[in-house]
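Here's a quick tour of one protein chain, taken a piece at a time. Keep the 3D view open and click along as you read.

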Amino acid sequence: MSKKMFKSESKKLLNLMIHSIYTNKDIFLRELISNASDAIDKLVFTSLTDKSFKVNKKSLAINISFDKDKNTITISDNGIGMNEKELDDNLGTIAKSGSEAFKESLDKGSKNIDIIGQFGVGFYSAFMVADKIEVRTKKIDSDKAYLWKSSGEDGYSVEECDKDTNGTEITLFIKKDTEEVKYSEYLDENKLKELIKKYSDYIRYPIIINNETINTMIPLWKKNKKDVTEEEYTNFYMDRFNDYEKPLKVITSSVEGDATYKALMFIPKKAPFDYYSKDYEKGLALYSSGVLIMDKCSELLPDYFSFVKGIVDSEDVPLNLSRETLQKSYSVRVIAKSIESKIKKELEDMLKNDKETYKEFFKVFGSNLKYGVYDNFGANKDKLKDLLMFYSSTNKDLITLDEYVKKMPEDQENIYYASGESIEKIDSMPQIDILKDKKYDCLYLTDYVDEFALTAISEYSGKKFINALSNNFDLSSKEEKDTLEKENNDSKEMLDEMKNIIGDVSEVKFTNKLKDHAVCLESSGDISIEMEKVFKAMGNMPINANKVLEINKDHKIVDKLKETYKSNKEEFNKLTKILYTEAAIVAGVNITNPTEISDLIIDVIAK
Ligand code: ADP
C-alpha cells in the first residue's frame with residue numbers, strides 16, 4: 001500500500017474544505033447521497049444494456065448509519081461501485097466537470113464560498129465535517145474490493161479489502177466540536193432525517209436509517225406543481241445543476257397526447273462560466289419512465305434556448321435509445337417541438353407580465369437569442385424577433401421592437417439604429433444629433449451580434465432598419481437633397497482629389513446631416529464599420545466596409561478647404577488627412593499612421 005498525493009488543484013480544494021468558512025456544511029450529506037444515487041442509476045442502466053448483470057430492483061437502496069461512540073457516519077449504496085483505477089481517478093482529482101473552472105477561479109482568487117456551490121465539489125465536501133474518510137467499494141463486475149483512506153491534505157492510500165457485495169460504503173470520521181461549530185449535531189437521527197427530507201427527498205431510491213425509509217422517492221417533476229415548495233425546486237436545481245444561486249425561472253410542463261411527457265426546466269440567473277464558449281454542452285436530462293437514459297440530450301433543445309437546464313421524463317421514449325438512434329426518434333422530435341414552444345411561451349409571458357425579470361434574463365442570455373435570429377440564415381427570426389430587446393436612446397433602457405414601433409412619431413418612416421463600443425460612445429457620434437433633434441428613437445447596439453441580428457430580420461412591422469451611421473440614413477427633404485447634390489457636383493473635382501489623398505475611402509462628399517461637427521465617417525453598402533470590426537476580431541476575414549467621409553456643408557472648414565485647394569495644395573493635402581483621421585477616430589477606426597498625422601496637426605497649429 002502506498003501513499004499518494006492529490007492532484008494539485010484537488011489539494012487546494014481540499015484545503016478550502018478542511019478550513020472551510022462555508023456555513024452551509026449540511027450539503028455534504030446531499031452530495032454523498034447524490035453520488036450514491038448516481039451509482040445505482042449507473043448499475044440499473046448497465047443491467048438494461050448488458051443482460052449478464054442481474055439487478056434486484058427491490059433491493060436498491062442507500063443506507064445511512066451513525067455511531068456516536070466512534071464519531072462516524074456511514075453512507076452505503078449497492079450501486080455500480082468502483083474498481084481500483086476508478087477509485088484512484090475519481091477520488092484523487094476533483095469533480096472533472098468543475099476542475100477547469102475551479103482552477104481558473106482559484107487563479108483569479110475567488111472567494112471559497114462561490115467555489116463550493118458553483119462547481120458542485122461533490123465528494124470532497126465531506127471534508128467540511130470529517131477529518132478522516134474511508135471508502136470501501138466493489139465494482140459490479142469485479143471480485144476484488146478496495147479501501148480508499150484519507151485524512152485530508154497529506155494524501156490518500158488505496159489497498160485491497162474485504163467486501164462481499166457490490167457498491168460503495170463511505171465512512172466519515174466526524175470532526176471534534178469546536179467553539180464555532182458543533183460537528184456532533186450530525187451524529188443524530190433527527191438531524192440526519194431532517195437533512196434528507198430537505199435536500200434529498202426526491203431521490204428515487206430509498207434512503208434508509210434504522211430500517212426506516214426517509215424520502216418519498218417521488219421525483220420532483222412527477223409531483224404536482226402545487227405540492228412542491230419553491231424551496232424544494234430551488235434545492236433540487238442547485239444540487240442537480242451545480243448552481244449556487246436560485247434559478248431565475250422554474251418551468252414545469254405536463255403534456256399528454258401526441259407526446260406524453262413531464263418536464264421540469266429552469267432558467268439560470270447567471271450564465272454558466274463556460275456558456276459562451278464551445279465547451280458548453282446544451283441539453284436536458286432524458287428519462288424513460290423514471291430511468292435516466294441520457295444526462296444531456298441536446299436534441300431536446302434548440303441552440304437558441306441552450307441556456308435552459310432541466311429534465312424530461314417520458315414513457316414514449318424507449319429505454320434502449322442511444323446517441324445514434326436519437327436523431328431518428330420520432331417521439332424525441334415531437335417532445336422537442338413541444339418543449340420549444342413551452343419555453344418560448346414562458347419567455348413571452350415573462351416579457352409581458354414581469355418585464356424587470358425578463359430584462360434581467362435578457363442581459364444574461366439575450367446574446368444567445370440574437371445569435372439565434374441570425375444563425376441558420378435567419379430561419380428562426382420570426383419565432384424569436386419579439387423576444388429581443390435593444391437599448392433605446394429615448395427610454396434609456398431596453399425595449400422590444402414592438403415597443404419601438406408603437407411609439408414612433410407619425411412622420412418617422414424607419415427604425416434607426418447605431419452600433420458602437422458603448423452607449424456613451426454611440427450617443428456622442430456626430431450623426432446622432434439630428435435624430436435627437438427630431439426626437440426619433442435610436443437603438444444603440446453594443447453587442448457584436450446585434451447588427452447581424454437586425455440585418456437578418458431586415459424589417460419589422462413593415463418598417464425598415466436603417467443604420468444611422470451609414471449612407472442610407474438621410475432625413476432631408478427632396479429640396480434639401482437637390483441642393484446638396486448640386487453642391488457636391490460643383491465641388492466634385494476637389495472631393496475626388498480628397499478621396500485620392502486618403503485612399504481608404506470610397507467617396508468623399510458634403511452632407512447636411514451634421515449639426516455642429518465638421519466631419520463623420522460612414523459606411524455604404526451591407527457591411528457597416530462595426531461589422532468590419534467584428535470580422536477583424538474573428539481573424540482571417542478580409543471583409544471591409546465601404547467607407548465614406550462626409551463633410552458638414554455648412555461648416556467653416558469647407559471655405560478653408562476650397563481656398564487651399566485653389567492656392568496651396570500642400571496645405572490642402574494636410575487638411576484632408578487630418579479631417580479623415582478625426583472622422584476615423586470618432587468612428588473608432590484604427591489609424592495606421594498616427595505619427596504622421598500628429599506631426600501634421602502640430603504643423604497646422606504652429607502656422
Ligand atoms: P461528481 O459527482 O460531480 O462527478 P464527486 O467528486 O462527487 O464529483 O465524485 C467524483 C466521482 O467519483 C463521481 O463522478 C463517480 O464516478 C465517483 N463516485 C463518487 N461516489 C461514488 C459512489 N458512491 N459510487 C460509485 N462511484 C462514486
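Let's start with Thr216, which sits in the loop between strand 9 and helix 7 (230–240). Keep in mind that this is a predicted model.

**Thr216 and its surroundings**
- Is Thr216 buried, partly exposed or exposed? Its relative accessibility is 36%, so Thr216 counts as partly exposed.
- Leaving aside residues up to four places away in sequence, Thr216 touches Lys197, Asp201 and Lys223.
- With Asp201 there's a polar contact, side chain to side chain, at 2.7 Å.
- Arg204 is 12 residues from Thr216 in sequence, and their C-alpha atoms are 8.3 Å apart in space.

- Look for an open sheet of nine strands with mixed pairing, in the order 1-6-5-4-7-3-2-8-9.
- At its edges you'll find strand 1 (3–4) and strand 9 (212–213), each pairing on one side only.
- Helix 6 (residues 189–200) packs on this sheet and touches strand 2 (62–67), strand 3 (72–77), strand 8 (207–209) and strand 9.
- The direction of helix 6 makes about 170 degrees with that of strand 8.
- Strand 5 (residues 145–150) and strand 6 (residues 156–161) run antiparallel, joined by six bridges.
- To spot one of the pairings, find Lys149, whose bridge partner in strand 6 is Ser157.

- Asp26 lies in the loop between helix 1 (8–18) and helix 2 (27–49).
- What Asp26 does have is a polar contact between its side chain and that of Tyr186, at 2.7 Å.
- Not counting residues up to four places away in sequence, Asp26 touches Tyr186, Lys191, Leu195 and Tyr199.

**Strand 12 and its partners**
- How many residues of strand 12 (residues 284–288) are buried? Five of its five are, which leaves the strand mostly covered.
- Strand 12 pairs with strand 13 (residues 291–297) in the antiparallel sense, over four bridges.
- In that pairing, Leu284 stands opposite Cys297.
- Together, strand 12 and strand 13 form a hairpin with two residues between them.
- In the turn, Ser289 has a positive phi of about 45 degrees.
- Strand 12 also runs parallel to strand 14 (residues 309–313), with three bridges joining them.
- Here the bridge partner of Tyr287 is Asp313 in strand 14.

Technical notes: Residues numbered from 1 in each chain as written. Predicted model: local features only at pLDDT ≥ 70, side-chain atom pairs only at ≥ 80, totals over all residues. Heavy atoms only, no water. Polar contact = N/O pair within 3.5 Å; in protein donor to acceptor, adjacent residues only side chain to side chain. Contact = heavy atoms within 4.5 Å. Pairing = 2+ DSSP bridges. Axes fitted to C-alpha atoms, helices over the stretch in contact; angles between N-to-C directions. Buried < 20%, exposed > 50% of the residue type's maximum accessible area, 1.4 Å probe, protein only.
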